[in-house]
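Here is a short briefing on one protein model. Please look over the sequence and the structure first. The notes below are grouped by topic.

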Amino acid sequence: MYSDMAYQGTSAPGRTSTLFGLTMGLVGMTAAFFAAGAYAGRNLGSGAVIVAWIAAFVVLMIMNFAARRSPRAATLLLAIFGVLIGVSSAPTLVWYASTEPQILWQAGGATALFVGALGSFGYLTKKDLSGVRRASFIGLLVLLLAGVVLIFVRIPHASLIWAVLGLVVFAGLTAADFQRLRRSQGLNSAPLIAASIFLDILNVFWFFLRIFSGSRD
């Protein structure tokens, strides 16, 4: 999802503001479908959750191709992705809601501040963040590999350290995605950029959940 989209220069102010509004509207739409999916999947078993998670990223890959041909199809796929990723997230959200609901609110507030700050920086800065984006993507791959290793190796405070490093990685990705939003030329790019920003927000939320949960241990 974090593959670079081709763009050159800076689009006209009117087009930029229109793209920003459209993209953030799609992010909000995806969040709404995510919430609906999480509610619908609250009583599903682990097998259905795993299937939904795999299906969500299959839909995301299909959307990468569909966006070039049909923005409407890409928007529909974005909504489906939101539902599926919501279903796959349902067990974790239900567990927190039933055991430590205050952590959900804390993580949500921290996520809003984090994304707001880094998004504003990325959108307003004149510095080219393409290098930051590439470095953050490499960091994401390393983070995923480390996550697999930590399944089998126990290291004191490893979960907390992993989450903090995850926030560092997504700080770069969030800023770069908002800069991509400002620099993008075509309205057809809105669904893909919205998907990237939504994934930034969701991952940052999960990392904050892990951090605040660790602080209660």
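A salt bridge here is a side-chain nitrogen of Lys or Arg within 4 Å of a carboxyl oxygen of Asp or Glu. By that rule, the structure holds three salt bridges. The model is predicted. Its largest pocket has a volume of about 1300 Å³. A nonpolar surface patch covers about 710 Å².

**Salt-bridge network**

- Side chains of opposite charge can pair when their charged atoms come close.
- Arg-133, Asp-177 and Arg-180 are linked in a network of salt bridges.
- Asp-177 meets Arg-133 at 2.6 Å, N to O. Asp-177 sits in helix α6 and Arg-133 in helix α5, so this pair ties together parts that are 44 residues apart in sequence.
- Asp-177 also bridges to Arg-180, with the closest N and O atoms 3.0 Å apart. These two residues are three apart in helix α6, so about one helical turn separates them.
- Asp-177 has a relative accessible area of 0%, so it counts as buried. Arg-133, at 4%, is buried because the cut-off is under 20%. Arg-180 is buried as well.

**The Asp-128 to Arg-183 bridge**

- Asp-128 and Arg-183 form a salt bridge through their side chains, at 3.4 Å from N to O.
- Asp-128 lies in the loop between α4 and α5, and Arg-183 lies in helix α6, so the bridge ties together parts 55 residues apart in sequence.
- Arg-183 counts as buried, at 16%.

**Largest pocket**

- The lining of the largest pocket is made up of 38 residues. Nearest its centre are Trp-53, Leu-144, Trp-162, Asn-203 and Trp-206.
- Five helices each supply at least two lining residues: α2 (46-69), α3 (71-99), α5, α6 (158-183) and α7 (190-214).
- Which helix gives the most to this lining? That is α5, with 10 residues.
- The lining has 29 nonpolar residues, seven polar and two charged.

**Second largest pocket**

- The second largest pocket holds about 270 Å³ of space.
- It is lined by 13 residues, and Ala-31, Phe-34, Ile-201, Leu-202 and Phe-205 are the closest to its centre.
- Two or more lining residues come from each of α1 (13-40), α4 (101-124) and α7. The largest share, five residues, is from α1.
- By class, the lining of the second largest pocket has 10 nonpolar and three polar residues, and no charged ones.

- Helix α5 spans residues 130-152 and includes Ala-135.
- Ala-135 is partly exposed, at 47% relative accessible area.

Notes
Residues are numbered from 1 along each chain as its sequence is written. This is a predicted model: local features need pLDDT of at least 70, side-chain atom pairs count only at pLDDT 80 or more; totals for chains, interfaces and linings use all residues. Side-chain values use heavy atoms; hydrogens and water are left out. Helices (H or I, at least four residues) and strands (E, at least two) are DSSP runs, numbered from the N terminus. Buried means under 20% relative accessible area, exposed over 50%, partly exposed in between (1.4 Å probe, protein chains only). Patches are made of residues with over 30% relative accessible area and no salt bridge: like charges are joined within 9 Å, nonpolar side chains (Val, Leu, Ile, Met, Phe, Trp, Tyr) within 5 Å. Accessible areas come from the Shrake-Rupley method with a 1.4 Å probe; for residues, only the protein chains shown count as cover. On a 1 Å grid over the protein atoms alone, a cavity is a set of points where a 1.4 Å probe fits but cannot get out, and a pocket is an open set with protein on both sides within 12 Å along at least five of seven lines; lining residues have an atom within 4 Å of a point. Grid points are joined across faces, edges and corners, and a volume is the space filled by probe spheres set on the points. Ala, Val, Leu, Ile, Met, Phe, Trp, Tyr, Cys and Pro count as nonpolar, Asp, Glu, Lys and Arg as charged, and the others, Gly among them, as polar.
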